[in-house]
Amino acid sequence: MEIQITYLNSVLIFTIFALSLNLLLGYAGQVSVAHAAFGAIGGYTVGYLYLEHDVGLLPGLVVGVLLSALAGLIVGLPALRLSTEFLILLTLATQTIILTLVTTNSSLGGTYGLQGLTGLSVFGDELILPSDFLPYLFALAVIVYLIVRRFGESPYGRVLRGIREDEVVCRSLGKNVFVYKLTVFSVTAAIAGLAGVLLAAQTQLASPSLFSFDQSTAIIAMVILGGSGNLLGSVLGATLLVLLTPFFQNVLSFAPEKSSLWRLIAYGAVLVVVMLVRPQGLLPEGTNLGTLGRRLIRRRTSVADDAMALALPGQAIVNATTTQGDPDGDAHALTELAHHGGLPATEGGDWNKDEVVLSVVGLTKRFGGITAAEDLKMELRRGRITALVGPNGAGKTTVFNLLTGAIRPDAGQITLHGKDITGFRPDQVANEGMARSFQDVRVFPRLSVLENVMIALQGQVGEHTSGLFLRPKATAQSERATRDRAMEWLSFVGMDSFAEYQAGALAFGQQKLVALARVLATDAEVVLLDEPASGIDQQWVEVMLGLIELLRDQGRTICIVEHNLHVVGRLADHTYFMELGRITAQGSFEELTNESRLAEAYFGTA
Amino acid sequence: MPSFGEFAQFTVAGLIAGSAYALVGVAFGIILSVTGRFHFAFMFTYAISAYAASQVGESYGFPFWLALIFGALVGTVFGVAAEALVYRPLAERSGVYALLVIFVASLGLTIVGRNLMSLIWIDSASKQIQGFSNVGYHVAGLDLTKLGLIQVVVAWTLVILLGVLLSYTALGRVVRAVRINPEMSLVVGINPKIVYLQVFAIGSFLGGVAAVLNATQTAAKPDMGFNPLFYAFVVAFLAGLGSHPVRVGLVGLAIGLVESWSSLFMSTRWTSLVVFGILFVYVALRPVNWPDIRRRFRPVAA
Amino acid sequence: MSDDVLVVKDLQAGYGKKHVVFDVDLHLRPGEIVTIIGHNGAGKTTALKTIFGMLPALGGTITYSGEDVTSSNCRHNALLGMSYIPAERFVFSDLNVLDNLRLGATHVPSAEERDRLKKRVYEMFPLLFERSAQLAGTMSGGQQRMLSLGIALMSNPTMLLLDEPSLGLAPALVAEIFDNVRRLADEEGLSVLLVEQNVGQALRIADRAYVLRSGRLILEETAEVMRRRKDYWDLF
């Protein structure tokens with residue numbers, strides 16, 4: 001019986017390893033091959049403190065977990081700005097460095113490690129037999145599962161998944177990506193450290209082979225097999241792969257040496273086969289027995305569904321625009337939705353009399369020898385649509401990047417609501433009330449349409465660890481409100497019936513509408529739309545234009561970059577003409593198109 | 001303080017080791033820079049070359065040089081197979097996620113390969129390369145070996161040959177074209193799929209040669225590819241992906257010298273730490289040039 | 001018309017999830033220069049790439065010299081005599097001029113033929129001969145553009161698909177490139193399909209023009225008629 005329990009203990013310990021790696025890799029999208037190395041920190045700390053300094057298991061565990069958390073932080077810092085390939089290299093170096101350190105250190109037992117971790121006890125309870133460990137391991141596994149689930153299946157987890165999908169967009173929606181990444185590296189390293197402590201205690205030794213690169217690979221295999229982004233999957237993956245050992249030894253009756261080799265071969269084969277055949281793993285993200293109805297994300301592939309996928313959300317928009325004057329029902333909700341303090345702009349009127357919401361002075365940016373923006377001066381006024389036009393290379397995209405903080409200006413000042421936001425990070429700019437859409441749309445493909453919009457809402461209690469863990473009721477309440485609001489925005493753009501679809505499965509025009517709902521949901525006063533009419537057919541352009549005009553009439557401050565001059569002519573209240581990084585003209589679209597010099601600049605001369 | 005004699009001896013050791021690093025750095029680098037595949041399984045094609053060379057010398061009495069070429073060819077077959085059977089299908093169906101998916105699959109291939117080797121040769125902890133008898137020389141107060149000289153000469157010959165191939169032959173031109181401008185290479189009618197296979201063949205062959213020479217010095221072990229792979233990473237990235245082979249080689253040489261000299265002052269167990277520490281620091285501190293990196297790592301539309 | 005070099009009917013094109021070209025019909029006669037103009041993002045480059053075979057057509061037909069090439073890839077089309085010059089990154093910057101030209105002749109089977117083509121390119125563009133050992137990336141924008149024309153000529157094409165040759169060029173150099181294109185059409189009998197933002201220059205050398213807006217063809221006119229317009233704001 002004790003032998004079986006040993007395996008059960010192993011399953012529980014590796015479940016803890018796998019759950020934490022899943023949070024890092026599956027949810028946050030950070031590839032790490034160093035997970036077992038963080039376990040080594042935990043295991044060796046406990047072993048060393050116990051053997052050399054007679055420190056008990058519990059205090060040793062605490063120290064080990066804290067040291068692992070610290071190590072996670074140290075690795076997380078450089079990892080913040082690394083792309084996948086370099087993150088792999090960094091964690092590879094980390095795994096090797098930590099293992100080399102423990103192997104070469106004689107006080108840590110060298111290649112054989114710290115042996116004879118016997119006589120450990122918890123609360124006076126001596127841990128001798130595997131069955132002594134079982135209740136504690138089980139309890140810890142459950143606690144870790146609950147903690148990891150709280151992180152992953154929550155508003156916080158939604159942000160992590162957003163970071164996984166598209167970090168840059170996440171930042172532009174107001175999320176401080178650095179803090180999330182550092183936290184997740186630290187927390188998952190700490191949990192791995194805990195698992196390492198437990199592994200060392202259970203095996204009664206802390207050795208390099210327990211925490212080797214092979215072990216890190218095994219944990220990756222458990223996460224990948226079970227399902228990246230699925231916590232039950234990690235439990236399943238850990239169970240299946242740990243039980244391979246008794247399977248090979250007892251069922252197939254291999255000799256122990258052969259069986260451990262076959263087990264490793266199986267781990268490797270799992271990785272290759274899963275990638276080739278079913279990359280999402282056994283339990284794909286989002287499939288959870290307990291929450292099947294709520295979190296189900298459907299992938300539409302059948303013909304009938306394709307028809308729906310291409311359908312125009314016409315009716316919702318028509319209702320929205322025609323009932324605007326109606327004091328009841330939809331109109332009320334819509335005006336509530338779009339109300340931003342202050343009065344909606346008057347029809348026509350003098351652009352110069354409207355309130356300046358965003359003001360830019362002397363904005364300059366050079367890249368090497370090229371001047372992308374030179375001494376720009378522009379204003380965005382409340383309730384008006386301002387357009388940026390200009391030939392190729394004029395610098396229009398650079399302007400958006402400068403305004404939203406994606407690049408730092410060399411000179412100049414950006415003022416929003418009278419506050420100087422020059423040099424602010426993109427997430428800070430979004431928090432101050434300016435948000436942008438992207439020309440290539442960039443919805444979060446593996447999140448649902450609804451989640452795409454929910455993530456954009458500001459001030460969610462559950463997006464911060466303090467709220468998430470210390471204020472569960474407020475979090476739940478905030479989440480309900482967020483969901484309702486997000487649904488309202490989806491209704492506004494007419495995509496509410498697609499709420500549970502995976503955003504990546506939608507047609508491009510539909511994704512554009514979802515992205516619009518997403519940027520509007522930030523409640524940003526100033527909305528920068530990058531080529532809202534590009535890449536879509538006429539009918540969709542009409543829908544987009546209708547929505548943008550509706551927003552303008554409801555008082556939003558909008559700036560668009562557009563190449564389709566027909567669209568500019570229709571939408572723009574004021575237009576800036578840019579050439580080679582400078583604003584060379586401004587005024588109404590009619591005024592600009594009457595200037596022959598601008599025509600020459602735009603169309604070239606014969 | 002080490003004496004001059006000691007210093008010179010360690011320099012020689014560093015040059016020999018550095019030449020090996022040069023060869024694997026160039027081999028791995030050309031695969032990564034042209035195809036963008038994170039070919040972790042280089043570790044395996046490296047090791048299997050040594051095993052094949054050893055086995056064929058043992059079972060069929062192949063002379064040393066023939067065994068070396070045979071071993072390198074075996075590694076080549078596996079490398080090309082990895083690209084044709086695993087990486088390419090994955091790249092075609094994974095779109096933007098290709099890099100990660102290919103890395104995971106490559107990791108899996110490595111684990112499978114390495115442990116299959118252990119299983120097949122379960123009765124021998126390590127294998128010797130047959131047919132080579134080493135000779136020692138004493139020249140100008142330094143201890144040299146025939147093997148050491150061969151390692152340096154072979155490594156640098158291959159590095160220089162690769163440089164010549166890339167700069168002066170039609171094949172080399174096509175390979176460089178695919179690396180420099182994947183879209184334009186499609187436009188002029190190059191078939192990138194075939195070029196990828198050719199590059200995997202070249203890289204795997206060079207790696208295999210390095211492996212057999214390494215195993216001649218020590219022995220063939222299942223894990224023998226681990227360190228060389230990491231050294232290859234360090235060398236390839238420090239030199240810059242897409243650099244001329246000789247430049248990559250010189251970086252490898254420098255790493256070998258740094259490692260050897262540092263063992264004058266610390267235990268050899270710590271010297272590998274120095275190298276990995278360099279990798280860690282390099283990755284952590286290198287300036288970020290997104291468009292360049294993205295361009296280098298985006299595989300050609302398959 | 002049966003002697004058309006290129007006939008495109010009802011073309012649907014796009015990439016990834018985007019469908020950006022809708023119901024486009026166009027044709028090209030031998031020795032003609034036809035330009036496609038329109039705003040950025042109108043689908044001009046997508047249409048060009050689809051004709052060349054770099055992107056799969058989502059619908060419609062493409063016929064080249066009477067042969068259906070709708071589902072051909074660019075290697076096949078290059079063999080048939082199509083040549084494409086992208087708008088950006090149109091040379092191999094780390095290779096010298098000679099290597100660039102040699103790559104253009106990837107499909108040319110015989111060494112003599114390659115040599116003949118190379119001499120022809122050098123005759124037409126003596127500057128390329130002078131700088132044959134220079135790295136393409138170190139040349140000026142105008143010189144690189146010239147090189148791109150040379151690379152295209154090395155495959156001995158019958159049709160040239162040119163994407164925004166004026167992009168990034170100083171105005172003075174733009175005229176020179178366009179003159180060279182006209183020369184190629186006149187002297188070598190090349191048919192040219194030219195995508196351009198610089199309407200003025202394009203119309204100077206073109207015979208006919210198509211206007212694309214938001215993926216749809218909104219106008220087809222002879223260049224002569226189009227030149228008489230006051231401006232083109234309403235077309236973009």
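Predicted model: local features only at pLDDT ≥ 70, side-chain atom pairs only at ≥ 80, totals over all residues.

Colleague: How many residues of helix H1 of chain C are buried?

Modeller: A residue counts as buried if 20 or more other C-beta atoms lie within 10 Å of its own. In helix H1 (residues 44-52) of chain C, nine of the nine residues are buried, so the helix is largely enclosed by the rest of the structure. Among them are Lys44(C) and Lys49(C), as well as Leu48(C), Ile51(C) and Phe52(C).

Colleague: What are the secondary structure and the buried share of chain A?

Modeller: Chain A comes to 26 helices and 14 strands. Of its 606 residues, 53% count as buried. Among contacts in chain A with a separation of 6 or more, 74% are accounted for by residues 24 or more positions apart.

Colleague: What span should helix H3 of chain A have, and how far apart are its end C-alpha atoms?

Modeller: The expected span is 1.5 Å times one less than the number of residues. Helix H3 (residues 57-79) of chain A has 23 residues and should therefore span 33 Å; its end C-alpha atoms are 32 Å apart, which agrees.

Colleague: Which residues of H3(A) are buried, and what covers them?

Modeller: The buried residues of H3(A) include Gly60(A), Gly64(A), Gly72(A) and Gly76(A), together with Leu57(A), Leu61(A), Val65(A) and Val75(A). The cover over the buried residues of H3(A) includes helix H2 (35-53), helix H4 (84-104), strand S2 (121-122) and helix H8 (177-203) of chain A.

Colleague: What is the pairing in the open sheet of four strands, and which strands are at its edges?

Modeller: The strands run in the order S6-S5-S8-S9 (chain A), with antiparallel pairing. Strand S6 (370-381) and strand S9 (419-420) of chain A are the edge strands, each pairing on one side only. Strand S5 (residues 356-367) and strand S8 (residues 411-416) of chain A form an antiparallel pair over five bridges, in which Val361(A) stands opposite Gln413(A) in S8(A). Helix H17 (residues 396-403) of chain A packs on this sheet, touching S5, S6 and S8 of chain A, and its direction makes about 65° with that of S6(A).

Colleague: Is Gly581(A) buried or exposed?

Modeller: Gly581(A) has 22 C-beta neighbours inside 10 Å and therefore counts as buried. Gly581(A) lies in the loop between strand S13 (574-579) and S14 of chain A. Beyond its neighbours within four places in sequence, the contacts of Gly581(A) are Thr371(A), Ala372(A), Ala373(A), Glu374(A) and Gly395(A).

Colleague: How many residues of chain A and chain B take part in their contact?

Modeller: An interface is read by its residue counts, its elements and its classes. This contact takes 32 residues from chain A and 36 residues from chain B. H4, helix H9 (213-226) and helix H12 (256-277) of chain A each give two or more residues to the side of chain A that touches chain B. That side has 21 nonpolar, eight polar and three charged residues.

Colleague: How many residues come from chain A and from chain C in the contact between them?

Modeller: There are 22 residues from chain A and 24 residues from chain C. On the side of chain A that touches chain C, helix H23 (538-553), helix H24 (565-571) and helix H26 (596-603) of chain A each supply at least two residues. By class, that side has nine nonpolar, eleven polar and two charged residues.

Colleague: Which residues touch the most other members of the largest nonpolar core?

Modeller: The core has 381 residues, and those residues are Ile16(A), Leu271(A), Ala517(A) and Leu23(B). H8(A) gives the largest share of this core, 16 residues. The contacts of Leu271(A), leaving aside neighbours within four places in sequence, include Ala221(A) and Ile224(A), and also Val104(B) and Leu107(B).

Notes. Residues numbered from 1 in each chain as written. Chains lettered and ligands numbered in written order. Contact = placed C-beta atoms within 7 Å. Nonpolar A, V, L, I, M, F, W, Y, C, P; charged D, E, K, R; others polar. Buried ≥ 20, exposed ≤ 12 C-beta atoms within 10 Å, placed from the backbone. Pairing = 2+ DSSP bridges. Axes fitted to C-alpha atoms, helices over the stretch in contact; angles between N-to-C directions. Core = buried A, V, L, I, M, F, W, Y, C linked by C-beta atoms within 7 Å.
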